[in-house]
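Here is a short briefing on helix packing in one model. Please read it alongside the coordinates.

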Amino acid sequence: MKIPVTINGKKIILDENPDEKLLFVLRKQKLISVKTGCEAGKCGFCTVLLNDKPVSSCLIPVGIVKDCTIETLESFSKTKEYKDIETGFFKAGMNLCGYCNSFKYFSVYRLLKDNYRPTKSQLIELTTEDKCACTEQGVFMNGILYATAARHEREGRKKNVKI
């Protein structure tokens, strides 16, 4: 089946079985940031942005991504949002294992996109969803808070001012 899609800003036509999982199609495209893990949508290793929302690519049949936009870490790592998150993670002392990077970056991206300043309950909810043991929950929460501060600084927002 011919499937038009935009991957990392490039419009292409995939010629794939519509039931094939997006995870494996992206791996065939040599996008190595999309990792194979549990293949059940629980580990987050295969997370991508699908129309700007984080999804587990192991759960998505490629046939339903027709005319969608998919972004992997290969492309996202060149954005200002990535740099904010990277700054926050570094400042918190996070050392990612390499498998969970896409889950952590894309989940934090979406959280910060939807919230000027995430609440404690939002931080707990997101960090509880993280199934990788490479980062303690408190360190991950601090990384998100530092990423929020980096974003505010980049945008020229004043500290401790609600909008």
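The buried residues of α6 pack against α3, α4 and α5 (120–129). Buried means under 20% relative accessible area with a 1.4 Å probe, protein chains only. The model is predicted: local features need pLDDT of at least 70, side-chain atom pairs count only at pLDDT 80 or more, and totals for chains, interfaces and linings use all residues. Residues are numbered from 1 along each chain as its sequence is written, and side-chain values use heavy atoms, without hydrogens and water.

**Helix α6**
- Helix α6 covers residues 137–154, 18 residues in total.
- From first C-alpha to last, α6 reaches 26 Å, close to the 26 Å expected at 1.5 Å a residue (1.5 Å times one less than the number of residues).
- Its buried residues include Phe 140, Met 141, Ile 144 and Arg 151.
- Just after α6, Gly 156 has a positive phi of about 75°.

**Helix α4**
- In α4, 11 of 14 residues are buried.
- Among them are Phe 103, Tyr 105, Phe 106 and Leu 111.
- α4 reaches 20 Å from its first C-alpha to its last, close to the expected 20 Å.

**α3 against α4**
- Helix α3 (residues 80–92) and helix α4 (residues 101–114) pack at about 110°, with axes 10 Å apart.
- That makes α3 roughly perpendicular to α4 (65 to 115 degrees).
- Contact (heavy atoms within 4.5 Å) involves Glu 81, Tyr 82, Ile 85, Glu 86 and Phe 89 of α3, and Lys 104, Tyr 105, Val 108 and Tyr 109 of α4.
- These contact residues divide into 6 nonpolar, no polar and 3 charged (Ala, Val, Leu, Ile, Met, Phe, Trp, Tyr, Cys and Pro count as nonpolar; Asp, Glu, Lys and Arg as charged; the others, Gly among them, as polar).

Technical notes: Axes fitted to C-alpha atoms, helices over the stretch in contact; angles between N-to-C directions. Helix = DSSP H or I, 4+ residues; strand = E, 2+ residues; numbered from the N terminus. Parallel < 35°, antiparallel > 145°, perpendicular 65-115°, else oblique. Buried < 20%, exposed > 50% of the residue type's maximum accessible area, 1.4 Å probe, protein only.
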